[in-house]
Amino acid sequence: MLIDKGLKLVRIYFGRKMSDLQELSVNQIKFIESCDSKIQMDNLIVKCSDKHAVKIAAQKLRVGGVIAIPTDTVYGLACNANNRQAIRELYEIKGRNECKPVAICVPTINDLRHWSEASHLANDLLEKLLPGAVTIVLKRSKNLDNPYLNNGIEKIGIRIPKFEFIQKVSEMCEFPIALTSANRSSEKSTLHIDEFRLLWPQLGAVFDGGQLGVTEEQRAASTVIDLSRSGYYKIIRNGVAASQTIKAVKEFGIIEDDS
């Protein structure tokens, strides 16, 4: 009976200005506010298994939203890399110094070549590394022209995650997706959406891919390797795939940059 009464109140008053609610009791207003919060939360969390989830994610990114999305390593915060305001919001949510770079996610090797300078890298090598838990650092191309994206830095880290959901979202976008781990700066990366619950209110949506791993090693995120200098490599972050990444580049005659 109480629930029915509460739902009736919501139907009558939901969406009205608070000035319209003066005739209600404090408890009635609190009930409506709690229902409003629950409805907003239900709209915020989207299961990756939902048949419309990919389209919803792409649309959120297209209109400049910042979303949380699962990858092949950890959960990430994502936005349109060529949207100036979205990048600024991404940094603000992350609590990250704008001097610290973020990577981009693309669907194919051809896209990697479009957004960066990679003519010195063979397709065979790139196909050996990607898709996978590797971020390749290269010089950015003129096509990546957002001044708020890694401002003053000539290089860009590029990912092609081996995770179906983010691959499909990336394929639907005509722009690169800026990607950084879904946690406040300096805090540990996350394997489940509950671990970054405090960030939810600042996000356009949270896409739930379930538990991404069961070991702490998974939190090491992707291996970051700088291949911007022809014939040389430098490991920037070991991540989860360092050994196989180093083995792969050495097979192509690429040696470690000690400079």
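Q: Where does threonine 73 lie?
A: Threonine 73 lies in the loop between strand 2 (67–70) and strand 3. Strands are DSSP runs of E with at least two residues, helices are runs of H or I with at least four residues, and both are numbered from the N terminus.

Q: What sort of model is this, and how is the numbering done?
A: This is a predicted model, in which local features need pLDDT of at least 70 and side-chain atom pairs count only at pLDDT 80 or more, while totals for chains, interfaces and linings use all residues. Residues are numbered from 1 along each chain as its sequence is written, and side-chain values use heavy atoms, with hydrogens and water left out.

Q: Back to threonine 73: buried or exposed?
A: Threonine 73 counts as buried, at 2% relative accessibility. Buried means under 20% relative accessible area, exposed means over 50%, and partly exposed is in between (1.4 Å probe, protein chains only).

Q: What is threonine 73 in contact with, leaving aside neighbours within four places in sequence?
A: Its contacts (heavy atoms within 4.5 Å) are Ala133, Arg159, Leu191, Leu212, Gln218, Ala221, Ser222 and Val240.

Q: Arginine 159 again. Which residue forms a salt bridge with it?
A: Aspartate 72 does, with the closest N and O atoms 2.7 Å apart. A salt bridge here is a side-chain nitrogen of Lys or Arg within 4 Å of a carboxyl oxygen of Asp or Glu.

Q: Where do aspartate 72 and arginine 159 sit in the chain?
A: Aspartate 72 is in the loop between strand 2 and strand 3, and arginine 159 is in strand 7 (residues 155–159), so the pair links distant parts of the chain, 87 residues apart. Aspartate 72 is buried at 17% relative accessibility, and arginine 159 is buried at 4%.

Q: How many salt bridges does the count come to?
A: The count comes to 10 salt bridges. There is also a network of them linking Glu195, Glu216 and Arg219.

Q: What about glutamate 164?
A: Glutamate 164 forms a salt bridge with lysine 168, the closest N and O atoms being 3.0 Å apart. Both lie in helix 7, four residues apart, about one turn of the helix. Glutamate 164 is exposed at 54%, and lysine 168 is partly exposed at 39%.

Q: Switching to rings. How many aromatic pairs are there?
A: The count comes to two. Rings of Phe, Tyr and Trp (its six-membered ring) pair if their centres lie within 6.5 Å; planes under 30 degrees apart count as stacked, over 60 as edge-to-face and the rest as tilted.

Q: Which residues are they?
A: Tyrosine 75 is in strand 3 (residues 75–80), and phenylalanine 196 is in the loop between strand 8 (177–181) and strand 9 (205–208), 121 residues apart. Both are buried. In the other, the ring centres of phenylalanine 165 and phenylalanine 207 are 5.7 Å apart with planes at 35°, so that pair is tilted. Phenylalanine 165 is in helix 7 (residues 164–172), and phenylalanine 207 is in strand 9.

Q: What sits over the ring of tyrosine 232?
A: The charged end of arginine 229 does, 3.9 Å from the ring centre. The rule asks for NZ of Lys or CZ of Arg within 6 Å of the ring centre and within 35 degrees of the ring normal. Arginine 229 also forms a salt bridge with aspartate 257, the closest N and O atoms being 3.3 Å apart.
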